[in-house]
Amino acid sequence: GGDSLSQGVDHAVTTTPSRSPWLAAGAAAGLLVGLLLGAAIWWEGATQERSVHAFVPPPEGHAFELHPYLPGSVAVSPDGTQLAFAARGQTGLARLFVRRIDETEARPLEGTDGASYPFWSPDSRFLAFFSEGRLKKVEAAGGPVVSLARVERGGLNLTKSGGNNGGSWSGDGVILFTPGYRHPIARIPAAGGEPVMVTEFDTVAGDNDHRHPRFLPDGERFLYVASAPGEDHRLMLGSLSGAEPREIMRTVSHAEVAGPYLWFVREGTLWAQLFDHESAELQGEPIPVGEDAITSVWAAWAANGYFSVSATGVIAYHTGAPLSGSRLTWYDRRGRELATVGSAEYQYQLSLSPEEARAAVQIADLENLDWSLWTYDLERGTRSRFTFETAGTPIWSPDGQRIAFQKGEIYTKTLGREDTQPLRQGGYDDYGREGITMTWPLDWSPDGRYLVYGSTVGEWENPDLWVVAIEEGGEPIPVQHSEFAEEDAAISPDGRWLAYTSDRSGQFEVYLTAFPRADRAWKVSSDGGLRPEWGVDSSELFYLDPDDTLMAATLKAAGDSVSIEETQPLFRINVHHKVLLEPGGYAVAPGGERFLVNRVLEKGTTSPLVLVVGWPEGLEP
């Protein structure tokens with residue numbers, strides 16, 4: 001069938017026999033796959049064996065979720081009999097699936113919506129994962145989901161995941177994980193508890209993030225990736241005993257130790273290099289094991305390799321592209337497709353000019369890791385490059401002649417001119433408070449006088465909303481400033497109201513407040529809401545629910561108060577999920593009757609993952 005493990009079977013090289021436990025376990029796993037693949041695995045005498053390559057597609061109607069902040073990277077169980085991964089259907093959040101390698105179907109695990117970064121217990125019975133701001137665990141066979149610890153979801157992540165960077169579970173009942181973005185590694189008991197930090201940032205090297213912990217077989221030492229701004233990632237050796245950490249190598253992906261090898265991805269290839277367990281030193285040259293292996297396209301932040309290896313000789317790794325392309329598409333209120341704009345690209349952060357003549361969008365060049373802004377002439381169907389450097393979150397001025405955008409801080413530029421200038425002349429220190437690390441524009445007031453923007457301080461704390469007079473040079477004023485994450489924002493056409501999102505209730509909802517006073521707030525959405533956009537006037541507000549359904553809320557203002565009269569679903573759209581400053585999944589045309597949608601062509605990747613069973617100790621290219 002369409003989900004058969006035997007699709008695309010390829011045979012690997014013949015290898016020399018060995019009596020090591022790793023090889024023996026690999027042979028046992030190979031026999032499991034042999035039950036399914038039949039003639040795909042064969043024997044040449046009693047001592048000669050071959051490994052098996054097979055392709056594993058995602059479950060029918062699903063795609064692997066491989067965004068660097070929503071990874072569904074496969075996890076092979078320690079006993080080599082099961083695969084776990086996150087996959088997303090056409091709608092809704094990704095959830096965990098488990099598949100035995102001797103079966104043809106993957107089973108979804110209930111209660112795991114929004115799951116990311118799964119990893120196994122050492123007995124292959126439980127899966128730990130991140131979801132809804134928690135580290136959780138569930139039996140691989142199914143059952144109740146148990147929360148183990150809180151993790152910081154991070155203000156830039158509007159999903160239910162947590163946006164964390166994986167974990168590892170030792171045979172001594174210790175779990176290592178990253179409790180938030182730009183955090184050291186922490187430990188907790190496998191039964192749950194308060195995190196205790198086990199790594200410290202190297203101030204000399206400039207570390208600001210530790211991620212991807214992986215225990216070595218002794219359960220005491222572990223690998224992790226250390227990151228510093230503008231520097232290569234460093235694969236480090238840490239220890240629960242507090243021994244001084246030591247650099248193993250420079251890397252663009254996480255690494256795992258299985259059998260006598262250290263495994264990692266580099267330049268599209270999965271590599272294995274001999275690794276001395278006692279000295280924790282690499283030996284010899286790395287050996288290429290698999291082609292078309294992927295790492296995160298945002299290697300500068302994520303350092304994620306989409307692979308997993310068990311000590312039983314089972315390898316699984318993802319191929320294809322970690323991101324999905326999209327195409328700008330016009331829809332009416334009933335969800336009928338009207339027209340398309342341009343071709344399929346890796347596009348993000350759509351913004352429509354007020355007169356509907358142009359659209360601005362961020363387009364990614366994955367080969368050169370360039371994320372610049374382009375503008376479309378919607379009448380002629382042509383496009384022009386707007387920035388020649390990485391930039392994002394384009395926001396049109398009310399007259400359609402200028403665009404505010406972010407490249408660290410906020411800049412403005414006029415169409416057809418080279419007059420790029422920062423919004424605030426004093427740099428980060430001039431954006432309203434100390435310690436700001438990033439700012440990004442969200443909306444221009446209808447009279448063109450004010451700009452609402454978001455900002456984070458320190459190590460990516462929850463963002464707040466601010467407003468500043470553009471021309472007058474006035475001081476920034478906080479619009480929404482709290483311990484919660486306030487993100488997307490849109491000013492009503494009459495300039496009286498600000499719609500925004502906040503996670504104050506435990507999930508992101510859409511709220512209304514007066515602009516610019518922001519002294520009261522009214523909740524618009526009832527079960528989750530993202531990306532508010534105003535309609536033809538100030539009486540209709542659109543937003544997305546967690547299942548990507550476009551919602552329309554009818555509002556009625558009375559003096560200084562506003563009421564939500566009716567909320568109705570319009571149609572479901574396929575957009576990039578809110579991860580890392582992506583407020584522009586859709587735009588509302590003047591009149592509120594048409595919508596320009598940055599329609600994702602595939603949620604995640606439908607490319608199969610590669611399963612390799614039976615790699616022996618005598619690994620050869």
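Guide: A residue counts as partly exposed when its relative accessible area lies between the limit for buried, under 20%, and the limit for exposed, over 50%. Glu139, at 27% relative accessibility, is therefore partly exposed. Please note that this is a predicted model.

Visitor: With which residue does Glu139 form a salt bridge?

Guide: The partner of Glu139 is Arg125, and their closest N and O atoms are 3.3 Å apart. This pair links distant parts of the chain, 14 residues apart: Arg125 belongs to the loop between strands E11 and E12, whereas Glu139 belongs to strand E13. Arg125 is also partly exposed, at 44%.

Visitor: How many salt bridges does a search of the whole structure find?

Guide: The search finds 19. One of them joins Arg336 to Asp332, with 2.6 Å between the closest N and O atoms. Here Arg336 is partly exposed, its relative accessible area being 46%. Asp332 has a value of 10%, which is under 20%, so Asp332 is buried.

Visitor: What is the N to O distance between Arg358 and Glu355?

Guide: Their side chains meet in a salt bridge at 3.7 Å. Arg358 is partly exposed at 29%, and Glu355 is partly exposed at 40%. Elsewhere, salt bridges with shared partners join Asp207, Arg234, Glu247 and Arg250 into one network.

Visitor: I turn now to the rings. How many aromatic pairs does the structure hold?

Guide: There are 17 aromatic pairs. Among them is the pair of Phe130 and Phe177, whose centres are 6.3 Å apart.

Visitor: Why does the pair of Phe130 and Phe177 tie together separate parts of the sequence?

Guide: Phe130 lies in strand E12 and Phe177 in strand E16, so the pair connects parts that are 47 residues apart in sequence. Phe130 is buried at 0% relative accessible area, and Phe177 is buried at 0% as well.

Visitor: Which arrangement do Tyr431 and Tyr453 adopt?

Guide: Tyr431 and Tyr453 are edge-to-face, with 85 degrees between the planes and 5.6 Å from centre to centre. Tyr431 lies in the loop between strands E38 and E39, and Tyr453 in strand E40, so this pair ties together parts 22 residues apart. Tyr431 is buried at 0%, and Tyr453 is buried at 0% too.

Visitor: Where does the charged end of Arg383 sit?

Guide: The charged end of Arg383 sits over the ring of Trp374, 4.5 Å from the ring centre. Likewise, the charged end of Lys137 sits over the ring of Phe126, at 5.0 Å from its centre.

Terms used. Residues are numbered from 1 along each chain as its sequence is written. This is a predicted model: local features need pLDDT of at least 70, side-chain atom pairs count only at pLDDT 80 or more; totals for chains, interfaces and linings use all residues. Side-chain values use heavy atoms; hydrogens and water are left out. Rings of Phe, Tyr and Trp (its six-membered ring) pair if their centres lie within 6.5 Å; planes under 30 degrees apart count as stacked, over 60 as edge-to-face and the rest as tilted. Helices (H or I, at least four residues) and strands (E, at least two) are DSSP runs, numbered from the N terminus. Buried means under 20% relative accessible area, exposed over 50%, partly exposed in between (1.4 Å probe, protein chains only). A charge sits over a ring if NZ of Lys or CZ of Arg is within 6 Å of the ring centre and within 35 degrees of the ring normal. A salt bridge is a side-chain nitrogen of Lys or Arg within 4 Å of a carboxyl oxygen of Asp or Glu.
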